[in-house]
Amino acid sequence: MRERLRQMRDEAWKRISEADDTGELDKLRVRYLGKKGELTALLRSMGSLPPEERPDVGKLVNELRGQLDDFLKERLHNLEARELEKRLEQEAIDITLPGRRPAFGRKHPLTQVLEEIETIFVGMGFEVVEGPEVELDYYNFEALNLPPDHPTRDMQDTFFISDDILLRSQTSPVQIRVMEKQEPPVRIIAPGKVYRVDVVDATHSPMFHQVEGLLVDEHTTFGDLKGVLGAFIEAIFGEGRRTRFRPSFFPFTEPSAEIDVECIMCNGKGCRSCSNAGWLEILGAGMVDPRVLQRVGYDPQKYQGFAFGMGVERIAMLKYGIDDIRLLFENDMRFLKQF
Amino acid sequence: MLISYDWLQEYVDVDIEVPELAELLTLSGSEVDSIGSVGGRLDERIIVGQIVELCLHPDGKLLIAKVDTGQKPLALVTGAPNVAVGQKLPVALIGSVLPNGQVIEAVSFQGVTSYGMLCSEQELELGDDASGIMILPLDTPVGMPLTDALGLDDPIIDLEIYPNRPDCLSVLGIAREVAAITGKSLRLPTIKVMEAGSPIEDLTSVTVEDMKLCPFYSARVIRNIQVGPSPLWLQKRVVAGGMRPINNVVDITNFVLLEMGQPLHAFDYERLAEKRIVVRRAQPGEAITTLDGETRVLDQETLVIADAQKPVCIAGIMGGVNTEVNSETTSILLEAAIFQGLSIRRTSRRLGLRSEASARFEKGLDPSQVTKALDRATQLLVEIAGGEVSRGTIVVTTKLPEQRVVIFNPDRCNRLLGASIPQEEMIRILESLQFEVKLDKANQQLEVKVPSHRLDIELEADLIEEVARLYGYDRIPATLPKGVAQGGENRRLEVAAQVRNLLVGAGLTEIMTYSFDSPDSYRKLNLPEEHELGQAVTIQNPLTTDWSILRTSLVPHLLDVLRHNAQRQQHDLQLFEIGSVFVPEELPLTKQPDERLTLGIALMGDYPRDWGFPPREVDFFELKGLVEAVFDDLGLSCQWEKTNHPTLHPGRSAVVKVGNTKVGILGEVHPEVGEIWELPARAYLAELSLEAILAQISHEKRVDKLPRYPAVARDLALLAPDTILAQEVLEVIWAAGGDLVKEITLFDVYQGRQIPSGHRSLAYSILYQARDRTLTDSEVEAVEGKIITELETRLGITRR
């Protein structure tokens, strides 16, 4: 009996060691340890043994059962690991094949710049408003201190629809429309398309975009104008760029200023983009003329504010190094896909 | 405005370099455009010579000139027709280099050697004249390098003068600014006129018929003058100011224009009919030949200077040839006047004629300067052209406006600027600009008297700007606005951004096109003449006829962009635009048109190919799916109806509705239209009114509770007659399924083998679910059975 046990153990050990897939291993498990397996049969045949030997043999059988079970488990684990390894090896792919991308398009570069500008000003508490592109002469000119036949109307040649309806030549009329409807404090920006009689070339377009800004309150100062526009320039062109405010003229602001940024192409050394000046003109601004405030019914003794305006195309062209404004409206996919 | 650095020094001592001066000017509001010179530095060996002798070359055509160059006379051969003994001209000596790089060598002309070259303006790149040798003023010093003699390297600063500062349109005006910004004192020219002979009233008279258009007219008569070329210094000034020397009389009037900013005009006194001046409006049909040789027919809106019979000058714009000063002129009537800016502007526009003079009249002149300028020119005429000044000046004027006084509150100034500029500093600045300041201590304010040349100063704000610009914008501290404000996007733009984000995420690229369009575009959409899209707003002054109307639809430009790209090997296009279309209420326009924010989508060709998928062409349902996604994203459900639009394929087009409102149209481009627009493949268009959609969007969003009981999915394959629309099938299933049907998904549409002709197979996956219990098989089967029965009885559809 003990001899048979030893034989069985050696044989089982050998077989289990030699099995080289999990299926075979499973068969061996059934063969030895199953309900009808050899070890079970052996246990059953113990009845033929003398009663005094039974406990010892029974112990041996159970020991063997435990050993075989452990061994089977260990082998199974090893074989599974090997098989997994093999499978993974077979499943290897050429990871240099291109990925399949979800389709995605691009926003127009002007939209991207407009969104950036809006985000910056919204962050500073400005509200985004719109106004009509087809405007009344009154809003585009008269309310902004530009009476009919005023020489400064020549500064911006305008498309007319009728004697008093025109395509707005600036986003400034939105200032007037907002102030007519709303009491101070007013803190708005007005992005949109504007139109001027300019023949198309590399730097001119009869349609372009502006963003107008207006802040009117009781204590708004020229210093605030400098602060707000300085923060804007830093946000859009990056920190550490020199800027300068210099006196200028707009009919509806007094004092007026133009804001130059150190040329971002040549860092102020002078190049073609800045006509060798080292500076790029980015914004026009100023304190709202008291006559404008009066016309919309604000008390200029009580309220004061600033207004500013910028050309979106110019900023986009500087930011992205676009040298021809026509590219922005030709909509060539080879251009648009770059953004 | 061109300002000669050398000339400027006559009125103010500038002791800083030109670039630094330019910086100061720019930062105080006179923007420097560029710094240049009349001609730059020429080779030192190009010098001034004088012809002492001329003889004919043996060939009978060329001339041999003996030229004094300060040393031994040189023999120079020239073919120029305009040389004469005594003239002074530029000589390029042997070894000198011309601006174009040509090196001058001794050259033999058929046996006669030329030891240098006489030069034309063009050869020296000083002008366009190549017709002859450049003739220099007689008092040009012989032997001096031409650069020094003519001041060719004198720095010229080109300034942009803003429209509110006409007082800066003169060298003196800029000198005034420079004096104020550098703290130097201003040196005005001394004007002194020696009068002699008869009083002017005996010689002429001036009648001003329209004082509104001519509020100030003054005249002097100068007799016995000698018209001829101007001396060197005068010619240099005129050239530095960007004008051409003509003769001493004209040069003097131009000099004073440049120096003081006051235009002047000289008439040939002897040629004035009855020797008198009438300032009046032109009679209808009256004509004048102006100095540029053009004959111009005038109308009653035009102010003219006339003599007793005829116009002799278009007031403030250009003189007539009939009284032009020429070499025979011996007496002149000199005019200095102010004309109404608006009238000059209109006339100048109408005639298409602008001059240095008209530009200044348009912007306004200082009335206190008119007779000063008249005297300044008279003085120079006597000095340069001889002449005898009749006694007295004729002045015709209305009462001049009094000097303005503006109240200025230093506190308010600092409050507006956000600065703390001391009051004394403000007074110093204002006084440096020639404002007279009186301190009103009681009221803590200043009474500021505005100098007559500052027509732009009307309000305190104007004075604040003066203080700020001279104090320096850079010295005002940057601060951030006080107070809390809530920023935010506007709803319309927010929705536009949401739609844009969705479409970009779905693979479409955004385009941006002009609002202008051509009336022809709408014909090219196959639209009948009377179609509403053809009723567009017309621009009165369009750039071109192709851009003469405002678009009523985004479609033409979408098609333009498809074509533009297709012509550049870009055939597979998925793009969209969000922009306004302009819809007039009535034409011609009496009020602003409706501006409707609109979404346009265009698809053509294939989707991007990829190695894991079969190639996929865009089609109607791709487009419809995009539009459905847009609505779904906005929380709206939409309905579809077949439609007929001349631009679209009649069997493949639809209108989209939200509720009962039509919000857009979409479909395949009609093959005829595709051909007109030269599209290489089938294209699909959608145009949706975001304006209409906006009105339908609700802000509310509520979630449903998640189901607690499992759902059962069952497939249902149907055999349906062709004539039954998918929409009808869907409606029957929903109706028959009742509450238990949660979702219906069409997953296959098939026609072909195994399907009887005139039929198609539609396969749906239907999800059944109850809120309060787990459905049993028999319950689901009962509902399914009902659906099948209804489909069969109502639509003749059977289960496959």
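Predicted model: local features only at pLDDT ≥ 70, side-chain atom pairs only at ≥ 80, totals over all residues.
Buried means under 20% relative accessible area, exposed over 50%, and partly exposed in between, using a 1.4 Å probe and protein chains only. Residues are numbered from 1 along each chain as its sequence is written, chains are lettered from A in the order in which they are written, and side-chain values use heavy atoms, leaving out hydrogens and water.

**Chain A**
- Chain A holds 12 helices and 9 strands, where helices (H or I, at least four residues) and strands (E, at least two) are DSSP runs numbered from the N terminus.
- Its radius of gyration, 42 Å, is well over the 20 Å given by the globule rule for 339 residues, so chain A is more spread out than a compact globule; the radius is taken over C-alpha atoms, and the rule is 2.2 Å times the number of residues to the power 0.38.
- The C-alpha trace of chain A spans about 130 × 45 × 45 Å along its principal axes.
- Of the 339 residues in chain A, 52% are buried.
- Among contacts (heavy atoms within 4.5 Å) with a separation of 6 or more in chain A, 68% involve residues 24 or more positions apart.

**Chain B**
- Chain B has 20 helices and 39 strands.
- Its radius of gyration is 42 Å, whereas a compact globule of 800 residues would have one near 28 Å.
- Along the principal axes, the C-alpha atoms of chain B fill a box of roughly 130 × 90 × 55 Å.
- Buried residues account for 52% of the 800 in chain B.
- For contacts in chain B between residues at least 6 apart in sequence, 69% link residues at least 24 apart.

**A closer look at strand 24 of chain B**
- In a regular strand the side chains alternate between the two faces of the sheet.
- Strand 24 of chain B covers residues 405-408, with Val406(B) and Phe408(B) on its covered face and Val405(B) and Ile407(B) on the uncovered one.
- Strand 24 of chain B runs antiparallel to strand 26 (residues 445-449) of chain B, and 4 bridges join them; two strands pair if DSSP finds at least two bridges between them.
- Val406(B), from the covered face, has Val448(B) in strand 26 of chain B as its bridge partner.
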